[in-house]
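Have a look at the fold before reading on.

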Amino acid sequence: MFTNTNATKFDRESIIVYGKSGSGKTTLAKTVPGKALIVNAENGLKSLRGSNIEVYDITVDHEGNRLDRNHRFDKLIHLLKMLNEDQYKKKYQWIVFDSLTEITQCLVEKLKEKHPMPLNR
């Protein structure tokens, strides 16, 4: 079905910030209006030290032990389900994934585990 932007309801905005490592993508989270949540997938949050932004770290379990990539993806899915609940939908105006590259690698590892390649391919 075709439509146009005049008929589309825009209740939330989505943006992707792309740039080289160290170019300030994560630092940008300090400047957004409203409450932000950082989803940490790679431990690159030093630039946000002292900024009082909430962080959900998918790199470690609840005891602080490092998780491998396929378990990080499980933790991310758990977070996404939580964020779809009413109590969280209105809590955050911004959700920052740091980084999408690392999250993609987590997905790749999860898929490799779930669908292993045959050895004699």
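A salt bridge here is a side-chain nitrogen of Lys or Arg within 4 Å of a carboxyl oxygen of Asp or Glu. With that in hand, K35, E54 and K91 are linked in a network of such bridges. Before going further, keep in mind that this is a predicted model, where local features need pLDDT of at least 70, side-chain atom pairs count only at pLDDT 80 or more, and totals for chains, interfaces and linings use all residues. Residues are numbered from 1 along each chain as its sequence is written, and side-chain values use heavy atoms, with hydrogens and water left out.

How many salt bridges are there by this rule? The count comes to seven. One of them joins the side chains of E54 and K91, at 3.7 Å from N to O. E54 sits in strand β2 (residues 54-57) and K91 in the loop between α2 (86-89) and β3, so this pair ties together parts that are 37 residues apart in sequence. Those element names come from DSSP runs, numbered from the N terminus: helices are H or I with at least four residues, strands are E with at least two.

How covered are these two partners? We call a residue buried under 20% relative accessible area, exposed over 50%, and partly exposed in between (1.4 Å probe, protein chains only). E54 is partly exposed because its relative accessibility is 28%, and K91 is partly exposed too, at 32%.

Now move over to the helices. The side chains of E102 and R69 form a salt bridge at 2.8 Å, N to O. E102 belongs to helix α3 (residues 100-114) and R69 to helix α1, so the pair ties together parts that are 33 residues apart in sequence. E102 is buried, with a relative accessible area of 11%, while R69 is partly exposed at 30%.

D74 and K110 also meet through their side chains in a salt bridge, 2.9 Å from N to O. Here D74 lies in helix α1 and K110 in helix α3, so parts that are 36 residues apart in sequence are tied together. D74 counts as partly exposed, at 33% relative accessibility.

Finally, the nonpolar surface. I16, Y18, I77, L80, I95, F97 and L100 make a nonpolar patch of about 720 Å². Patches are made of residues with over 30% relative accessible area and no salt bridge; like charges are joined within 9 Å, and nonpolar side chains (Val, Leu, Ile, Met, Phe, Trp, Tyr) within 5 Å. Accessible areas come from the Shrake-Rupley method with a 1.4 Å probe, and for residues only the protein chains shown count as cover. Both α1 (69-83) and β3 (94-98) supply at least two residues of the patch. Y18 is found in the segment before β1 (36-40), and counts as exposed because its relative accessibility is 80%.
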